[in-house]
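Dear colleague,

My notes on it follow directly after.

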Amino acid sequence: MTPLPDATPDALPAARAGGGETSRAGGRVVAVREAMAGAGVDALVLRPSPDFRFLGGREGPYLVVTGDAVAETAEPARLVPEGARRVGVDPEMRVRELFWLAVEAELVPASAVLAPLRLRKEPYEIEAVARAVAAAEEVLGQARELAWFGAGERAMARRLRLLLVESGCEEVLSLRVAAGENTARPEHAPGERVINPGDALLVAVCGRWDGYCAEVARVFAVAEPPEDFEAMYSVVAAAHRAGLSVMRPGVPVAAVSRAVGEVIDGSGYGRFAAAHAGRGIGLGHDEGPRPDEDTVLAAGMTFCLEPAIYVPDLFGARVADVVACSDGGPLALGTSPHSLTVLDR
C-alpha cells in the first residue's frame, strides 16, 4: 500500500513533477473530500484512468480516497471504511472488479464527485494540453509530406501511428484515415481501400502526451478536390469559426452547438451534420463539458471543437481543434491552418 500525503488546499498536481505533483495532488484531495461529503460518498475506489491521474495516482492498481486516507493499494476493500453506505467507483472498472471489491455499500459512479472538479484546468494543465496539441499537429504536418497516391488506408494509418510514437505519444487513443466515400462514415476504421487522385482524405489523430490528451483532424484533397467538395468543406470551416466565436465564459456549452448548427443548417447540409459539435478534453479524451449538458463555460475549460458534415456514399469533412476558454475569450491551442490542402503525391 502506497500512501499519498495530503497537502494544503491551494496546492495542485503538477504534470509529472515528482514531489511537487504529490503535494499538489493532496490539495485536490481537500476539494474531493468536500464533494464526497456533499454527495454522501464515504470512499472512492479508482483504477488507472483520468480520475486516477487527477488525484496523483501512479502505479495502482487501485487508488482509494476516504475521509482520512489516500493510498494506492492492491486490496481496495481493506481501505473502505467499515459501515460505508456509498462508495464511488471508477466508471472504467470491469464487472469482475466490482464483484471482487465485495463491499456492502451502494456503488455509485465516482465521476459524479470528480467530473465537476475536473472541468476547469489550472494554467499548467492548459500548457500541458497545448504541448500535446503541438505534438499532434506536428504529426499531421509530417503526414502532408507522405506519399499518399496508391497507398492503402491501413498502411498509412500504420505510418501515422509510428509518427505518433516517435513524437512521444504515450498512448494512441484513436487514429483515422478515410479516403473517398469512406470520409462520409464517422466510425470508419482504416481498411484496404487504395487512396487515388481525386479523393477526399480525412486524417485525425488523438493521443496522450505527458498525461494530457489532444486531438486534431484535417481534410485533404488528393491531387484535386472532388466535385462540390470545396463548397461543402467551406461550410465546415465556417461552422468551426462560428462555434469558436461564442466560446467565452458565461456562455452555455449548448450555445456553441447552436452556433455550429446554424451555419450548417443555413447551408442546406443540416441533415448531414454530425450529432455533436465537440466535447471536453484534458486528462481524458472525452470528458466534460459536453454539448448535451447544461454546463456554462468558464475560464480554464478545454474543449475539442469538431464540426463535421457527412454526405452518405459521397464524402465528408471534419475539422477538430482543441480550444481553451479564457477570461479574454476563446484561445485556440493549435496553429495549424484550416485551408484545404491539396496533396501532390
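**Strand β9 and its partners**

Strand β8 (residues 200–209) runs antiparallel to β9, and 10 bridges join the two. Please bear in mind that this is a predicted model. Across from Ala-214 of β9 stands Gly-207. Two residues separate β8 and β9, which form a hairpin, and Asp-210 in the turn has a positive phi of about 50°.

β9 also pairs with strand β16 (residues 341–343): here the strands run parallel and are joined by three bridges. Within β16, Leu-343 is the bridge partner of Val-222.

Strand β9 itself (residues 212–222) is mostly covered, with 11 of its 11 residues buried. Tyr-212, Ala-214, Val-216, Arg-218, Phe-220 and Val-222 point one way, while Cys-213, Glu-215, Ala-217, Val-219 and Ala-221 point the other way; all of them are buried, Arg-218 and Glu-215 included.

**Thr-302**

Leaving aside residues up to four places away in sequence, Thr-302 touches Lys-121, Ile-126, Gly-280, Ile-281, Gly-282, Pro-289, Val-323 and Ala-324.

**Confidence**

The average pLDDT of the chain is 91, and 92% of the residues score at least 70. Over residues 5–19, however, the pLDDT is below 50; this stretch has 41 contacts in the model beyond near neighbours in sequence.

With kind regards

Conventions. Residues are numbered from 1 along each chain as its sequence is written. This is a predicted model: local features need pLDDT of at least 70, side-chain atom pairs count only at pLDDT 80 or more; totals for chains, interfaces and linings use all residues. Side-chain values use heavy atoms; hydrogens and water are left out. Buried means under 20% relative accessible area, exposed over 50%, partly exposed in between (1.4 Å probe, protein chains only). Helices (H or I, at least four residues) and strands (E, at least two) are DSSP runs, numbered from the N terminus. Two strands pair if DSSP finds at least two bridges between them. pLDDT is the predictor's confidence in each residue, from 0 to 100. Contact means heavy atoms within 4.5 Å.
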